[in-house]
Amino acid sequence: MAPLPPRSGDAVFANVEHVNAELFSLTYGAIVRQLLTDLEEVDEVNKQLDQMGYNIGIRLIDEFLAKSNVSRCADFRETADVIAKVGFKMFLGVTASVANWDTEGTSCSLILEDNPLVDFVELPDTCQGLYYCNILSGVIRGALEMVSMKTEVTWVRDMLHGDDVYELRVKLLKQVPEEYPYKDDD
Amino acid sequence: MDDYSKSCLIDLGFQWVLQDPKAATIRESESGNSGGGEEERRQLGKMIVCVAVVGHQNNPVFLQSFTDSDDALKLHHIVHCSLDVIDERVNNPKKSGPTLNDTFLGVLYPMDDCKVYGYLTNTNVKFIMVTTEIDVKDGDLRSFFKDLHSAYVDAVSNPFHIPGKKITSKSFAKRVSSIVKSFRSGTTS
């Protein structure tokens, strides 16, 4: 069956429940603030945000697949497109764009111009190494792992550090085929 | 200004005269610091001299002066004294006092050359503006304070801002500068 082009996320976005954007930003800000107070080390906070994102991602993928009705992706390129157009739109209300594919097609960049997590935020000088939106990298990693793709997600550009957009580098490490827990009966 | 004049000025407290026969050098500066000494446009007469934000415990949260650093101390002084006027007004509401939530207090203290305007939010945060503008329209002032209020709200929504401490956000300082500039260009024509 020929793969359907990823539908725009607008239709899905219109059907899911919405939350106030300011409440969302302020809540996320409070989480990051609290983590900083508890853990004190910026690297620890980055790791913890990634872990939290991972836990969200492994659960989020089911909701995403159920609500968005996308068909099975044929290759990683399609996966990246679906994440950028449908996934981000459905959960954050913004679309990302995909760029900078490498020659093998296993690594790409997701570029976000607008990010509701960082409304009103300015990093103080003491936290310059903080990846404020690191939860997003965890979410993508967790979600893809549940559909048998092991990936590595890193931040390339961050507007809070002075760049002009947010750029996430998603690298497909390997595709893990589904394993059945039982041996075949001979 | 010589020392004798300076000491007279301090004695008089409020009487603060802006007389700057020096040529108006127009140098724009993009970043803001609290406490002043920023080179901004210095035109004779009509300009906003300083903007201050004071918290509900009368703690200074933000102060930016748009004139010579010499006068920064006097500006602090003026702002302090205007706080007293605000307290007076708040505690003894006049019969014809405004019943709006965000109270625009109007002219707090007219002095020789400048006027002090105040604005009180319902969380008791005060915005104070000192200007040498002689004739300011009410509508301009209200919109100025409204813009200042929204910039303030965005600045305190920053999760890294500690309520009660000074606002260290550079973008807030930039926004205040641009609000001041647009006010100036709107009324000085």
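Me: Is A:Val165 buried or exposed?
Reply: In this predicted model, A:Val165 has a relative accessible area of 9%. The cut-off for a buried residue is under 20%. A:Val165 is therefore classed as buried.

Me: Where in chain A is the place of A:Val165, and which residues does A:Val165 touch?
Reply: A:Val165 sits in the loop between strand S3 (149–157) and strand S4 (166–175) of chain A. Not counting residues up to four places away in sequence, the contacts of A:Val165 are A:Ile111, A:Leu112, A:Glu113, A:Arg157, A:Asp158 and A:Met159.

Me: How many residues apart in sequence are A:Val165 and A:Phe64, and how many Å apart in space?
Reply: In sequence, A:Val165 and A:Phe64 are 101 residues apart. From C-alpha to C-alpha, the distance between A:Val165 and A:Phe64 is 25 Å.

Me: How many aromatic pairs does the structure hold, and what is the geometry of A:Trp155 with A:Tyr166?
Reply: Over all chains there are eleven aromatic pairs. In the one formed by A:Trp155 and A:Tyr166, the ring centres are 6.2 Å apart and the planes are at 75 degrees. Planes over 60 degrees apart count as edge-to-face, and that is the class of A:Trp155 with A:Tyr166: edge-to-face.

Me: Which parts of chain A does the pair of A:Trp155 and A:Tyr166 tie together?
Reply: Both A:Trp155 and A:Tyr166 are buried. The two residues are eleven apart in sequence, and because A:Trp155 lies in one strand and A:Tyr166 in another, the pair ties together strand S3 and strand S4 of chain A.

Me: Which elements of chain B hold B:Phe62 and B:Phe172?
Reply: B:Phe62 and B:Phe172 form an edge-to-face pair, 4.7 Å centre to centre with 70 degrees between the planes. The pair links distant parts of the chain, 110 residues apart: B:Phe62 is in strand S2 (residues 60–65) and B:Phe172 in helix H4 (residues 170–187).

Me: Which residue is the bridge partner of B:Tyr119 in S5(B)?
Reply: Strand S4 (residues 115–120) of chain B has five of its six residues buried. S4(B) pairs with strand S5 (residues 126–131) of chain B in the antiparallel sense over six bridges. B:Tyr119 belongs to an aromatic cluster that includes B:Phe127, and the bridge partner of B:Tyr119 in S5(B) is B:Phe127.

Me: Which residue in the turn between S4(B) and S5(B) has a positive phi?
Reply: The two strands form a hairpin with five residues between them. In that turn, a positive phi of about 60 degrees belongs to B:Asn124.

Definitions and conventions. Residues are numbered from 1 along each chain as its sequence is written. Chains are lettered from A and ligands numbered from 1 in the order in which they are written. This is a predicted model: local features need pLDDT of at least 70, side-chain atom pairs count only at pLDDT 80 or more; totals for chains, interfaces and linings use all residues. Side-chain values use heavy atoms; hydrogens and water are left out. Helices (H or I, at least four residues) and strands (E, at least two) are DSSP runs, numbered from the N terminus. Buried means under 20% relative accessible area, exposed over 50%, partly exposed in between (1.4 Å probe, protein chains only). Contact means heavy atoms within 4.5 Å. Rings of Phe, Tyr and Trp (its six-membered ring) pair if their centres lie within 6.5 Å; planes under 30 degrees apart count as stacked, over 60 as edge-to-face and the rest as tilted. Two strands pair if DSSP finds at least two bridges between them.
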